[in-house]
Amino acid sequence: MIYSHEVETMCPVTQGVKHGAAPIPEEAKWVQAKEIKDISALTHGVGWCAPQQGACKLTLNVKEGIIQEALIETVGCSGMTHSAAMAAEILPGLTILEALNTDLVCDAINTAMRELFLQIVYGRSQSAFSEDGLPVGAGLEDLGKGLRSQVGTMYGTLAKGPRYLEMTDGYVTGIALNADDEIIGYTFINFGKMMDFIKKGDDAATALEKAKGQYGRVDDAVKIIDPRKE
């Protein structure tokens, strides 16, 4: 250890009380986290790339400092999906400190890891007050039965108004309008359900029909328009 001349010539003064780290909530316990292995949590974080072209939602399930489960969801950039595939291989098995200092390929995923690290080490986690935390596999619950990200995609112009393109319900196939051309509902196809029907043996046309749905006052519509054509 090297000390400056000013420090070397100082007289020693006892520091006094040392009460340790402030406890943080972890899996229904109050923990004084001193080492990486003291950290357990399931939580979510959001990151973005430098040009803010795309974003990543990252979910990690950490047990005793080791990442046991990772869910990487990206939007807005085609290359990010490949980076997410690599991150899914990289993250499980790392400590949260290793993950913070590992190149996760995409700026948005790296930023999400940074934001999520802060939440975890400060005790801001979804499992903070859940006894024994959440089981490995809990991250998939964010995706629902179809194991698809909860995505909303909307578009609008001053000249032509709004267009609903994708809801959590699914791919929007029609926008229901009233006599004043106001949106009163929409029709959709749930791709997750459609693929499940096909895997069970239904032909594509049958699966498509069974996966259709609607929301709002579609039956009262004066007209239904295709949001991608009209």
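**Figure 1. Asp181 sits in a loop between two strands.** Asp181 lies in the loop between strand 8 (170–177) and strand 9 (183–189); strands (E, at least two residues) and helices (H or I, at least four) are DSSP runs, numbered from the N terminus. The model shown here is predicted, so to speak of a local feature a pLDDT of at least 70 is needed, side-chain atom pairs count only at pLDDT 80 or more, and totals for chains, interfaces and linings use all residues. Residues are numbered from 1 along each chain as its sequence is written, and side-chain values use heavy atoms, with hydrogens and water left out. Phi of Asp181 is near 60 degrees, a positive value in a residue other than glycine. Is Asp181 buried, exposed or partly exposed? At 48% relative accessibility, Asp181 counts as partly exposed (buried means under 20% relative accessible area, exposed over 50%, and partly exposed in between, with a 1.4 Å probe and protein chains only).

**Figure 2. Asp132 is another loop residue with a positive phi.** Look for Asp132 in the loop between helix 4 and strand 6. Its phi is near 65 degrees, and Asp132 is not a glycine. With a relative accessible area of 59%, Asp132 is exposed.

**Figure 3. Helix 2 keeps its buried residues on one face.** Which residues of helix 2 (residues 78–90) are buried? They are Met80, Ser83, Ala84 and Ala87. Seen down the axis of helix 2, these buried residues fall within an arc of 110 degrees, so they line one face of the helix; the arc is that of the directions from the helix axis to the C-beta atoms. The face turned away from the buried side carries the exposed residues Ser78, His82 and Glu89. What covers the buried residues of helix 2 includes strand 4 (55–63), strand 5 (66–75) and helix 4 (107–121), where contact means heavy atoms within 4.5 Å.

**Figure 4. Trp30 and Phe129 form an aromatic pair.** Rings of Phe, Tyr and Trp (its six-membered ring) pair if their centres lie within 6.5 Å; planes under 30 degrees apart count as stacked, over 60 as edge-to-face and the rest as tilted. By this rule the count comes to five aromatic pairs. Trp30 and Phe129 are edge-to-face, at 6.4 Å centre to centre with 70 degrees between the planes. This pair links distant parts of the chain, 99 residues apart: Trp30 is in strand 2 (residues 29–31), and Phe129 is in the loop between helix 4 and strand 6 (153–157). Trp30 is exposed, with a relative accessible area of 60%, and Phe129 is exposed too, at 64%.

**Figure 5. Rings gather in a cluster, and charges sit over rings.** Which residues do ring pairs link into a cluster? They are Tyr164, Tyr186, Phe188 and Tyr215. The charged end of Lys210 sits over the ring of Phe197, 4.5 Å from its centre. Arg228 lies over the face of Tyr171, at 3.7 Å from the ring centre. A charge sits over a ring if NZ of Lys or CZ of Arg is within 6 Å of the ring centre and within 35 degrees of the ring normal.

**Figure 6. Ala204 lies in helix 6.** Helix 6 covers residues 204–210. At 48% relative accessibility, Ala204 counts as partly exposed. Leaving aside its neighbours within four places in sequence, Ala204 is in contact with Met194 and Ile198. Ala204 and Arg228 are 24 residues apart in sequence and 22 Å apart in space, C-alpha to C-alpha.
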